[in-house]
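I set out to record how the inside of this protein is packed. My entries follow the order in which I looked things up.

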Amino acid sequence: MNGQRLILGFDFGTRRIGVAVGNELTRSARALEPLPARDGIPDWEWVARLVDEWRPDLFVVGLPLNMDGSESVMSTRARKFGKRLFGRYGIPCEMADERGSTREAKAIARDAGHRGNYRDDGVDGLAAALILEAWLARAEGLPPRP
């Protein structure tokens with residue numbers, strides 16, 4: 001039922017895929033452990049465990065558009081990941097503009113004392129939470145983040 005759905009959000013990447021869980025009732029999301037990926041392909045058993053644990057009603061996958069709004073190679077790959085999620089689990093998947101989410105996640109992490117080594121200590125889960133919260137705000141008719 002809309003308004004009370006539990007949602008898994010993803011920040012697609014080639015080495016790691018950020019994951020967050022949120023719900024429409026609280027309009028909030030929290031980061032989960034990122035999924036390791038090989039050239040953008042996750043360990044599907046890990047994804048299955050997430051689906052079994054959280055029983056989401058919807059997936060939201062960040063769509064990495066260029067700053068001018070045009071599609072990129074990564075957009076195509078993220079869309080393919082979303083289609084695979086739907087194909088494997090039969091759970092609806094929506095794409096969400098993720099422009100600026102990684103930059104915002106890094107700024108938040110820096111403010112919290114992150115030392116800047118994002119390769120070893122990524123912000124993928126935080127980026128996924130930001131993507132999901134922005135999607136929840138838009139779905140609620142609220143303005144996007146600045």
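This is a predicted model: local features need pLDDT of at least 70, side-chain atom pairs count only at pLDDT 80 or more; totals for chains, interfaces and linings use all residues.

Entry 1, the main core. I began with the largest nonpolar core, which has 19 residues; Leu 8, Phe 10, Phe 81 and Leu 85 touch the most other members. By nonpolar core I mean a set of buried Ala, Val, Leu, Ile, Met, Phe, Trp, Tyr and Cys residues joined through side-chain atoms within 4.5 Å. Buried means under 20% relative accessible area, exposed over 50%, and partly exposed in between, with a 1.4 Å probe and protein chains only. At least two residues of this core come from each of β1 (6–11), β2 (16–23), β3 (28–38), α1 (44–54), β5 (58–63) and α2 (73–89). The largest share, four residues, is supplied by α1. Helices (H or I, at least four residues) and strands (E, at least two) are DSSP runs, numbered from the N terminus.

Residues are numbered from 1 along each chain as its sequence is written, and side-chain values use heavy atoms, with hydrogens and water left out.

I listed its contacts (heavy atoms within 4.5 Å). Leaving aside neighbours within four places in sequence, Leu 85 is in contact with Phe 10, Trp 44, Val 47, Phe 59, Val 61 and Gly 90.

I asked which residues of α1 are buried. They include Trp 44, Val 47, Leu 50 and Val 51. Seen down the axis of α1, its buried residues fall within an arc of 110° (taken from the directions from the helix axis to the C-beta atoms), so they line one face of the helix. On the other side of α1, I found Glu 45 and Glu 53 exposed. The cover over the buried residues of α1 includes β1, β2, β3, β4 (41–42), β5 and α2. Just after α1, Arg 55 takes a positive phi of about 50°.

Entry 5, strand β1. I found five of the six residues of β1 buried, so this strand is largely enclosed by the rest of the structure. Two strands pair if DSSP finds at least two bridges between them. β1 pairs with β2 in the antiparallel sense over six bridges, and a hairpin joins β1 to β2 through four residues. With β5, β1 pairs in the parallel sense over four bridges. There, Phe 10 stands opposite Val 61 in β5.
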